[in-house]
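Here are a few friendly notes to read alongside the model. Take them one at a time, and find each residue on screen as you go.

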Amino acid sequence: MNEIIAAIGLSLAISASLLWLLLRTAGAALPLDRPNERSLHSQATPRVGGIAIMVGICTTWLWIGAEPVILGIAMALCIISYLDDRSGLPTLARFLSHALAAVGFVVLSITDVPVWAAIVIVVGIIWMTNLYNFMDGSDGLAGGMAVFGFGTYAFLAWQAGNAPIAGASLAIGAAAIGFLLFNFPPAKVFMGDAGSIPLGFLAAAIGLLGWQQTLWPLWVPLVAFGPFVVDATVTIGKRILRREKIWQAHRMHYYQRLVQSGWGHRRTAIAAYGLMAFSAIVAAAGAQQSQTIQYVCVAAIALIYVVLGAMIDRSWAHQQQRTQTR
């Protein structure tokens, strides 16, 4: 336990100190996130937070000896995504890297599943990898999701007596806290693809690994990261139904609507943290109950998401009507 606590401190300290050093010394050499059609910010902002997060995670995982396969794949995604942050990579190259990461993880880490299930798992990993990136568009949001989501994994792994997964998950959450010191509204730095892409992969990979080791049911990762999973999936689904080009930048995610509706980054982040905390509690508490109660927990939180989504949709429609009549 003392080693895990020390690992948390190490991960947080490395993430925060490296980020402080980069912002203080690198200056113009840092890749910048410039405002575009998807942006909710108005000025160019460094996007190197993901580098600090992943260095903190990598150092800590090497120390505690946690999951070398997952770490190697995540760091490869970080490097490729950093190249994308700096100079841009073709969409096909990015997608192929995500697909190879998913296939590699399934081949090396997932056992005793039929071929059709392995294919579904690969698709799920690719989707989680990308949806985390889609949701990284508002100050404090992606970092906060890492704290609550991986915190849920850590709690359930600790309850089950699995120190390696508990320590690995805590290291991710701690590194995210180090990043949030500079990203909580108003943000001085963004995560960038170098952080959001590997974090999305880690959310899927550790979630599946915990399921394989019977630490939690398969639904737990979907609820623990529910605010991101639901927002991204519903938004993309709606765009597909409207026959929109889903690969084009947009600002129609629920969190983006809240920011544009006058909530701003800080209020949106705080509200999201409340929902993240609630989802984490449902996942952590429900996972240890009977199967019937688990079904009830999943159904109840799904209903809450539906109600919240409908409220935001209605508020957004009214705002658009008011804007058009002015």
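**Notes on a predicted model**

1. Start with Gln319, which sits in helix H12, spanning residues 291–325. Please keep in mind that this is a predicted model. Is Gln319 buried or exposed? Its relative accessible area is 17%, and it counts as buried because the cut-off for that word is under 20%. Apart from neighbours within four places in sequence, Gln319 touches Gln260 and Ser261.

2. Now for the charged pairs. Side chains of opposite charge can pair when their charged atoms come close. How many salt bridges does the structure hold? There are six.

3. One of these is formed by Arg47 and Asp85, with 3.9 Å between the closest N and O atoms. This pair links distant parts of the chain, 38 residues apart: Arg47 is in the loop between strand S2 (45–46) and helix H2 (49–64), while Asp85 belongs to helix H3 (residues 68–87). Asp85 is buried, at 3% relative accessible area.

4. Arg239 and Glu244 also meet through their side chains, at 2.8 Å from N to O. Arg239 is buried, with a relative accessible area of 5%, whereas Glu244 is partly exposed at 31%.

5. Asp313 lies in helix H12 and Arg257 in helix H11 (residues 254–286), so the pair ties together parts 56 residues apart in sequence. Asp313 is partly exposed at 24% relative accessibility, and Arg257 is buried at 8%. Through shared partners, salt bridges join Lys238, Arg257 and Asp313 into one network.

Notes: Residues numbered from 1 in each chain as written. Predicted model: local features only at pLDDT ≥ 70, side-chain atom pairs only at ≥ 80, totals over all residues. Heavy atoms only, no water. Helix = DSSP H or I, 4+ residues; strand = E, 2+ residues; numbered from the N terminus. Buried < 20%, exposed > 50% of the residue type's maximum accessible area, 1.4 Å probe, protein only. Contact = heavy atoms within 4.5 Å. Salt bridge = Lys/Arg side-chain N within 4 Å of Asp/Glu carboxyl O.
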